[in-house]
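Please look through the sequence and the 3D structure shown below before reading on.

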Amino acid sequence: SYTLEDAIDEAYPWKFSFAVMVYDPTSDKFIAYYPKNQGIRSSFIKLQSGMRHLSFMLKKSFPERFTPTSHEFVVAISSGDYPHVNLKRMPHTTGKAPVLQFGSVFRDTESLYPNMIAMPMPG
């Protein structure tokens, strides 16, 4: 179990291509929050694509979970050919929230970033 704050804290090691995706039951929409200083790069376009596909699949696969009367849902997401982290902030072993990394992950994820989860590269 993790909180919205835990997901936001996962931004610490990232240079760019990181966002927190939140399902807002009031608007019945997924909303992405990301640092404005990360700029628009090709990996950010992949991140947007991953969030779009993930939110669509979640609502289609679990319609009873994502309704205007549901609880809020939050997940940290990153994307790119490799994790765009600041190597000076590695290893990152204190994270609580999972980070869905759409693209390649570290070979030794267990000791470098244990809560990073490999996801397929968005198309």
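What follows is a short report on salt bridges and backbone geometry in this predicted model.

## Lysine 59 and aspartate 28

One of the salt bridges is formed by lysine 59 with aspartate 28, and the closest N and O atoms of this pair are 3.2 Å apart. Because lysine 59 belongs to helix α2 (residues 42-61), while aspartate 28 sits in the loop between β1 (18-24) and β2 (29-33), the pair ties together parts that are 31 residues apart in sequence.

How exposed are the two partners? Lysine 59 has a relative accessibility of 29%, so it counts as partly exposed, and aspartate 28, at 27% relative accessibility, also counts as partly exposed.

## Lysine 46 and aspartate 81

Another salt bridge joins lysine 46 to aspartate 81, with 3.1 Å between the closest N and O atoms. This pair links distant parts of the chain, since lysine 46 is in helix α2 and aspartate 81 is in the loop between β3 (73-80) and β4 (99-103), 35 residues apart.

Lysine 46 has a relative accessible area of 24% and is therefore partly exposed. Aspartate 81 counts as partly exposed too, with a relative accessibility of 49%, a value that stays in this class because a residue is called exposed over 50%.

## Backbone features

Most residues other than glycine have a negative phi, and most peptide bonds are trans. Against that background, which peptide bond is cis, with omega about 0°? The cis peptide bond joins methionine 90 and proline 91, and proline 91 is found in the loop between β3 and β4.

Serine 17 is a residue other than glycine with a positive phi, near 65°, and its place is in the loop between α1 (4-9) and β1. Is serine 17 buried or exposed? With a relative accessibility of 1%, serine 17 counts as buried, because buried means under 20% relative accessible area.

Conventions: Residues numbered from 1 in each chain as written. Predicted model: local features only at pLDDT ≥ 70, side-chain atom pairs only at ≥ 80, totals over all residues. Heavy atoms only, no water. Salt bridge = Lys/Arg side-chain N within 4 Å of Asp/Glu carboxyl O. Helix = DSSP H or I, 4+ residues; strand = E, 2+ residues; numbered from the N terminus. Buried < 20%, exposed > 50% of the residue type's maximum accessible area, 1.4 Å probe, protein only.
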